[in-house]
Every structure is written in C-alpha cells, then in structure tokens.
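Reader: I am new to reading protein models. Can you take me through one, step by step?

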Amino acid sequence: MHVIAIGRLRNAPEADLFDRYNGRLRPRLTVVEVPEARGDPATVKRQETAALLGALPRDAFAVPLDLGGQVLGSEALAGKLRHWSELGRPISFLIGGAEGLDRAILARADFVLSLGALTWPHFLVRAMLAEQLYRAQAISLGHPYHRAGRPDGAP
C-alpha cells in the first residue's frame, strides 16, 4: 500500500506516531511526499492535484481522504481492505494539503474515505491513517489489538 501526501513530514511528534504504526504494518506503507505548492488557494490546489495524480501509479486503486467521503468503522475498513487487496491493484491513499483535494482527484477515486466530519491537520492524518490500517490488519488476522464495542459492553 502507498500513501501519497502533500508536504514533508519532518522530525515531529506526528512523524514518530506515523512511524510507530507504519512499523507494525506488514508490509509497511510506501510513502511518497509531494512538495507543498505556493500561491493563491486555487493555484495551490491545482498544482498539488497535478503532483498527487502524477505520483499515483497508473493502475492504482485510488483512495483519497476527504471530508465528503464515506465514514467507515474499523471492521468495515478491514473488510474493504481485504476486498481491495484481492483486486490485484496497488492501493494508494492520497492526502491533500491545507487547501484540500481538487475535484479531479475525487473523480479519479475508486473509493473516497473520510476520517470523520472534523478537519484534521494533514500531517496528523498520516498517523491516523497508519493506525487505522494497522487496526484493520489486526482485525483481519484475529490479533487482539482491536477491541470491538465499548469497555462497558455497550455496542
């Protein structure tokens, strides 16, 4: 699986958190960092879109992360990943920059994923995605990392 993201994740707490979960994944995520564009919001969005699409493998199963995407529970994400991996195409997650993703990326998407209605910093999204991918992998392998339901037993 690939993560194609805007910006360079430098030594920071977000990088440590991403590395923690990426190190647990088998195989690890391949990360392609695309430089942040400069200029007015429309120019930035256009340039970053071109860069993200340019880094996307031609036959990739493209999964951009966007507020307008589908919100999945961890078990549902595990199921989607199992299905997508059976397609024989590289799975590529796309993470936009501060201006978000352009319609061209959403049009190219095979599935649009949302991490919820809240807006997250794009560097933190990488760590959150890596954790959820690790959790999905643990669910698929029957590993006890994931605990379904709430601690009080309620659904």
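Reader: Is Phe61 buried or exposed?

Author: First, a caution: this is a predicted model. Buried means under 20% relative accessible area. Phe61 has 7%, so Phe61 is buried.

Reader: Which residue forms an aromatic pair with Phe61?

Author: Start with the general idea. A pair of aromatic rings is described by the distance of the centres and the angle of the planes. Here Phe61 pairs with Trp84. The centres are 4.9 Å apart, with 35° between the planes, and the pair is tilted. Phe61 sits in strand β3 and Trp84 in helix α3, 23 residues apart. Trp84 is at 3% relative accessibility, so Trp84 counts as buried too. Ring pairs link Phe61, Trp84 and Phe111 into a cluster.

Reader: How many aromatic pairs are there?

Author: The count is three. One of them joins Tyr21 and Tyr134. That pair is tilted, at 6.4 Å centre to centre and 40° between the planes. Tyr21 lies in helix α1 and Tyr134 in helix α5, 113 residues apart. Tyr21 is buried at 12% relative accessibility. Tyr134 is buried, also with 12%.

Reader: What pattern does the protein follow along the sequence?

Author: Read along the sequence, the pattern is β-α-β-α-β-α-β-α-β-α. That makes five helices and five strands. The radius of gyration is 16 Å, close to the 15 Å from the globule rule for 155 residues, so the protein is as compact as a globular protein of that length.

Reader: What share of the residues is buried?

Author: Of the 155 residues, 39% count as buried.

Notes:
Residues are numbered from 1 along each chain as its sequence is written. This is a predicted model: local features need pLDDT of at least 70, side-chain atom pairs count only at pLDDT 80 or more; totals for chains, interfaces and linings use all residues. Side-chain values use heavy atoms; hydrogens and water are left out. Helices (H or I, at least four residues) and strands (E, at least two) are DSSP runs, numbered from the N terminus. The radius of gyration is taken over C-alpha atoms; the globule rule is 2.2 Å times the number of residues to the power 0.38. Buried means under 20% relative accessible area, exposed over 50%, partly exposed in between (1.4 Å probe, protein chains only). Rings of Phe, Tyr and Trp (its six-membered ring) pair if their centres lie within 6.5 Å; planes under 30 degrees apart count as stacked, over 60 as edge-to-face and the rest as tilted.
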